[in-house]
Amino acid sequence: MPIGERGPLKTIIDREKLMQLKTCPACGKPFNLGDPVVLACGAWEGPARLIHENEATYDEKTQIYMEQKCAEAR
């Protein structure tokens, strides 16, 4: 899938998300207004979460984003 077609998995941090999320579960750094984020699975328990885009790797085979540390461990 070309990068431009990953629409629902990619977004940016808006005011509402900023008030709800606070910090990135992948890197522990705070989110900032306008940060590019992706819905990704990772080492945490539970469902996929929004993380900084630069902390994620896109898996073409499964068509999902994964936390880089989790993807490297595979």
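Which residues does Glu67 touch, not counting residues up to four places away in sequence? The first view takes that up, and every view here shows a predicted model.

**View 1. Glu67 and its surroundings.** Glu67 sits in strand E5, which covers residues 64-67. Leaving out residues up to four places away in sequence, Glu67 touches Ala26, Ala40, Cys41, Gly42, Ala43, Trp44, Ile51 and Glu55. Look at Ala43 in particular: the Glu67 side chain reaches the backbone nitrogen of Ala43 at 3.1 Å. Glu67 is buried, yet has no salt bridge. Its nearest side chain of opposite charge belongs to Lys69, 4.7 Å away, and a salt bridge has to be within 4 Å.

**View 2. The largest nonpolar core.** This core has 14 residues, and the ones that touch the most other members are Val38, Ile51 and Tyr65. Strand E2 (36-41), strand E3 (49-52) and strand E4 (56-59) are the elements that give two or more residues to it. E2 gives the most, with three residues. Now zoom in on Val38. Not counting residues up to four places away in sequence, Val38 touches Leu9, Lys10, Arg49, Leu50, Ile51, Glu53, Ala56 and Tyr65.

**View 3. Tyr58 and Tyr65, an aromatic pair.** The count for this model comes to one aromatic pair. The ring centres of Tyr58 and Tyr65 are 4.9 Å apart and the ring planes are at 65 degrees, so this pair is edge-to-face. How do we know that? Planes over 60 degrees apart count as edge-to-face. As for burial, Tyr58 has 13% relative accessibility and counts as buried. Tyr65 counts as buried too, at 4%.

View 4. The model's count comes to two salt bridges, and one of them joins Lys10 to Glu53. Here the closest N and O atoms are 2.9 Å apart. Lys10 counts as partly exposed at 30% relative accessibility, and Glu53 counts as partly exposed at 26%.

**View 5. Lys17 and Asp14, another salt bridge.** In this view, Lys17 forms a salt bridge with Asp14, and the closest N and O atoms are 3.3 Å apart. With 21% relative accessibility, Lys17 counts as partly exposed. Asp14, at 29%, counts as partly exposed as well.

Terms used:
Residues are numbered from 1 along each chain as its sequence is written. This is a predicted model: local features need pLDDT of at least 70, side-chain atom pairs count only at pLDDT 80 or more; totals for chains, interfaces and linings use all residues. Side-chain values use heavy atoms; hydrogens and water are left out. Rings of Phe, Tyr and Trp (its six-membered ring) pair if their centres lie within 6.5 Å; planes under 30 degrees apart count as stacked, over 60 as edge-to-face and the rest as tilted. Buried means under 20% relative accessible area, exposed over 50%, partly exposed in between (1.4 Å probe, protein chains only). Helices (H or I, at least four residues) and strands (E, at least two) are DSSP runs, numbered from the N terminus. Lys and Arg count as positive and Asp and Glu as negative; His and the chain ends are not counted. A polar contact is a pair of N or O atoms within 3.5 Å; within protein, one must be able to donate a hydrogen and the other to accept it, and residues adjacent in sequence count only if both atoms are side-chain atoms. Contact means heavy atoms within 4.5 Å. A nonpolar core is a set of buried Ala, Val, Leu, Ile, Met, Phe, Trp, Tyr and Cys residues joined through side-chain atoms within 4.5 Å.
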